[in-house]
Protein chains: 2
Amino acid sequence: MDGLTMDDYQLTITAAVNRSERFHPQRQIVSRRPDRSLDRTTYGEVAGRSRRLAGALGGLGVGSGDRVATLLWNQPEHLEVYFAVPAMGSVVHTLNPRLHPDELSYIVNHAGDRVLILDETLLPVFDSIRGARDFENVIVVTHSEPAPEGTLSYEDLVSSGEAVEWPDLDERQAAAMCYTSGTTGRPKGVTYSHRSAILHCLGAALPDGLGISRRDVMLPVVPMFHANAWGIPYAAALTGAAIVYPGPHLDAESILDLLASERVTMTAGVPTVWMAILAALDAEPDRWDLSALRTMVVGGAAVPQSMIEGFDRHGLSVLQAWGMTETSPLGTVCHPSPDLGDGTPEQYGYRARQGIAVPLVEIRARNEEGEVPWDDQTMGELEVRGPWVAAGYHGGEGTEKFTADGWFQTGDVVTIDPHGCIKIWDRSKDLVKSGGEWISSVDLENLLMAHPAVAEAAVIAIPDERWGERPLGVIALNEGRSATPDELREHLSRDFAKWQLPERFEFVEAIPRTATGKWKKIDLRARFVNGSE
Amino acid sequence: MDGLTMDDYQLTITAAVNRSERFHPQRQIVSRRPDRSLDRTTYGEVAGRSRRLAGALGGLGVGSGDRVATLLWNQPEHLEVYFAVPAMGSVVHTLNPRLHPDELSYIVNHAGDRVLILDETLLPVFDSIRGARDFENVIVVTHSEPAPEGTLSYEDLVSSGEAVEWPDLDERQAAAMCYTSGTTGRPKGVTYSHRSAILHCLGAALPDGLGISRRDVMLPVVPMFHANAWGIPYAAALTGAAIVYPGPHLDAESILDLLASERVTMTAGVPTVWMAILAALDAEPDRWDLSALRTMVVGGAAVPQSMIEGFDRHGLSVLQAWGMTETSPLGTVCHPSPDLGDGTPEQYGYRARQGIAVPLVEIRARNEEGEVPWDDQTMGELEVRGPWVAAGYHGGEGTEKFTADGWFQTGDVVTIDPHGCIKIWDRSKDLVKSGGEWISSVDLENLLMAHPAVAEAAVIAIPDERWGERPLGVIALNEGRSATPDELREHLSRDFAKWQLPERFEFVEAIPRTATGKWKKIDLRARFVNGSE
């Protein structure tokens, strides 16, 4: 006896595209253009144009499984590509324009991208990799100038393309690709299937996920080239949430203007963006009406507790989420604990955790002694599996990141509380082991960043003859502010034992970042590990 | 290029069971026992016991794909069976004890049930079908007496059973069965797969579905033998919502006591239950503290607008949902329209609709002229498809209910508005066609039930020489109240044109119901169609 009286309905991105076109064709897609003007379109328009884009791409010879790369901002054309390419059976491959040209060149060749669609403002990035790969077609979204010679105009393609009827697809077909940012070794490619994309949507839209509904107006600050756009394009299309795209204008004032004027209910981005926004709000607390804003999803790096407290003072609720390119990306979300009072120090401490796995994501942590208990004490490396978690990389690389029984090893060192709420202590390679005890660089960084004089803080391990390793703090101060190492140690001693305090601090203009905004500790180690400069 | 860098994680009920055991073992399962006492257990206990139940059932020879029937109330043992039987690879088949013994006998044989698990209080039902099927084992959940001779004690089985490790299952395996209530012809069996059950959970838990989260306390009034228990057991297990089971005590006072004392946030049931509860609240508006109650999901039959208005007066929010056994059952949900003011007549009219299809459910309506436009005007029979919609019945019966292109024909006549919100006008066989125009029996019934003297109202079509058909109203009055046909017509003329008003009313003690609480119009037609008695 089998279960086949149920419809074998395939979980495909086409279902999300069709739903947006059928159920909420009038919902708005608003976007800020490079010239700062606001463009307004709808799901109906975007879905209709995506059918014509697919027709045009088909005419160029793009077929099933072919990779179409993008160098685009958060803009409606990017959404059209997110719709058209998977729904026609091809694979959308988002490129991060902030990567080094060598890395980009490696990635486009490794993925075998056949076509590149890019925004006019990113032509310099294309120029920097032009020699590295012979794209069959380069398609430019123009704003002011005609498309350069040798390239095609995106608008011409869409307006001349014949609208296709979407083909039936298998849910296990590839839909999208994204490369890890590669803090160690070469970037590795993750391929999302239609099935994983739709299941991830559902997980993200759950109340215990991010909670996305037809009533939402979503402003994704997180770039659509970052980790599958956090799944927002398809979750919004499936539920009917309106979208507000900031385009290339990611400064605090531009974002805050849009949040207020478009009555945004949900926004999402990495902590560094929110630091700047919090500073702008602190400077002018009454300038923006953010009364519609329900949730600010922050992920991509640990969220300092001071940021959560800071936004709370403005009546704004930060929701920390954790994930990776390999997890589509949503893995865990930290909703406030129902067991702790709102606004208490315990609740703030809780909310600074990474949270509880979204339904259908399984977690465990292991150390040298095996699987760690969920006792909120024992540290181990986080491992995950689930229907939107990678089981391998493109080309069969990186098999060492997956266990024999099929779990993905995240490289994050965590403790897990009895309810399954994780706290990330560090990347496994960033932990400081001093005298046999672990010190969390993340915790030191977060408390350092709560100091009023500190703009940015990174902590790395330096070798120490007596203790094995000791923490070193790298600090970028706020303009016009100062702090001495002693003052910083005094500040840290609020939460840390004396033996955990860094003996040494280095002051820098700015801490180097990876292309996705994380501290580039590899550079800091190269610079500071062999003693002071 | 395929999508297989993603984990081929199977969508199985085992994932929900495991999650409840791992992530929220302490969440409560409260239940009222036949003697009215309250029993408190937890997901951890239930999941642990379900492993032992599975061990014991395996010992009795229950194997993969075997059907295990239940005659149980909403009680924790039923949840244990809902966990154990699918997770061990077998199929749980819920029986409705209110069915006629002939129907029950037909169903248990048609499904080929091998084992029956029943509550002591339902032994008379078992006795009524005892001769019809030779179950290999009959297992009794006892409360006061020992298990009768020839049966096994459920508790003995669980305490002696060896806890199993759940086997790996294919998501397309059968997990559960439910038979339609069969208002026409023989009952037909629907088989739910693990995949459809989990996808249905996710759809039900979405904010645009019913919105179920870890913070909820759910009191399902709807029996667990009704249409897959509306998917609540697995949605609750997956999210970690606590459950409060009313057991066999479904009177208004018992339900209200539990809603108040257990701080229930969500409840779900058919309209007839809520009519009685509304009457109790109207009689004693201050007796129960229902401040935790966020959502009352009402489905299984059309919700009278007067009921929505009535609960609103008590600050309680009715959420109408529509579905069928064939749709797992959740098909559509009617959240208030964001375009209409709260508390306006337009909003109440909107909320009395059946709503918008849950993400991944596709709808269309067709009449003689083909697919109807979404113009809120044109009527057609609703057709649905999706990952938790049946594509056939057990045994290959009822193929006439499915279109050649794979949609399920619901038998409901609807209009669809431009946002995809459906309004059910009638069952296709209940519509009244008078002088070439349709009259909705459902609308007449709903407005009749808003009359203070009317307890129950059903409208059927009677043949008419001049007009083809005319509506006839069958009325059960509230105790001690009276209303004349003229008064009822006067009341109806608020919303209906003169030609739509029934000329004829019949007054009865109570309107006959099917086993799932719907009006049994087939009986009314037999009684009234050939003139007044």
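Here are some questions and answers on a predicted model with chains A and B.

Q: How many residues of chain B are in contact with chain A, and how do they divide by class?
A: Chain A puts 55 residues into this contact, and chain B also puts in 55. The elements that give two or more residues to chain B's side are α1, β8, β9, α7 and α8 of chain B. By class, that side of chain B splits into 28 nonpolar, 18 polar and nine charged residues.

Q: At what angle do α1(A) and α2(A) pack, and what is that arrangement called?
A: Helix α1 covers residues 13–23 of chain A and helix α2 covers residues 43–59 of chain A, with the two axes 8 Å apart. The angle between them is about 130 degrees. Angles over 145 count as roughly antiparallel and 65 to 115 as roughly perpendicular, so this value falls in the rest. That makes α1(A) oblique to α2(A).

Q: Which residues of α2(A) make the contact with α1(A), and what is the handedness of the crossing?
A: On the α1(A) side, the contact is made by V17(A), S20(A) and E21(A). The α2(A) side uses Y43(A), G44(A), A47(A) and S50(A). By class, this contact has three nonpolar, three polar and one charged residues. As for handedness, α1(A) passes α2(A) in a crossing that is left-handed.

Q: How far apart are the axes of α1(A) and α8(A), and how do the helices lie to each other?
A: Helix α8 runs over residues 232–239 of chain A and packs with α1(A) at about 50 degrees. The axes are 7 Å apart.

Q: Which residues of α8(A) meet α1(A), and how many nonpolar residues does the contact have?
A: From α1(A) come I13(A), A16(A), V17(A), R19(A) and S20(A). They meet Y234(A), A237(A) and L238(A) in α8(A). Alongside one polar and one charged residue, the contact has nonpolar residues numbering six.

Q: How do α7(B) and α8(B) lie to each other, and how many charged residues does their contact have?
A: The axes come within 9 Å and cross at roughly 75 degrees, and α7(B) and α8(B) are therefore roughly perpendicular to each other. The contact has eight nonpolar residues, one polar, and no charged.

Q: What distance separates the centres of domain 1 and domain 2 of chain A, and which element gives the most to the domain 1 side of their contact?
A: The domain assignment puts domain 1 at 13–23 + 35–197 and domain 2 at 362–426. Their centres, taken over C-alpha atoms, are separated by 32 Å. Each of these domains gives eight residues to the contact. On the domain 1 side, α4(A) and β9(A) give two or more residues, and the one that gives the most, with three residues, is β9(A).

Q: Where is the peptide bond from S328(A) to P329(A) placed, and is the bond cis or trans?
A: P329(A) sits in the loop between β14 and β15 of chain A. In chain B, the bond from S328(B) to P329(B) is cis, with omega near 5 degrees. For S328(A) to P329(A), omega is near 5 degrees, and the bond is cis.

Terms used
Residues numbered from 1 in each chain as written. Chains lettered and ligands numbered in written order. Predicted model: local features only at pLDDT ≥ 70, side-chain atom pairs only at ≥ 80, totals over all residues. Axes fitted to C-alpha atoms, helices over the stretch in contact; angles between N-to-C directions. Helix = DSSP H or I, 4+ residues; strand = E, 2+ residues; numbered from the N terminus. Parallel < 35°, antiparallel > 145°, perpendicular 65-115°, else oblique. Left-handed = near helix turned anticlockwise from the far one by under 90°. Contact = placed C-beta atoms within 7 Å. Nonpolar A, V, L, I, M, F, W, Y, C, P; charged D, E, K, R; others polar. Domains from an automatic or database assignment.
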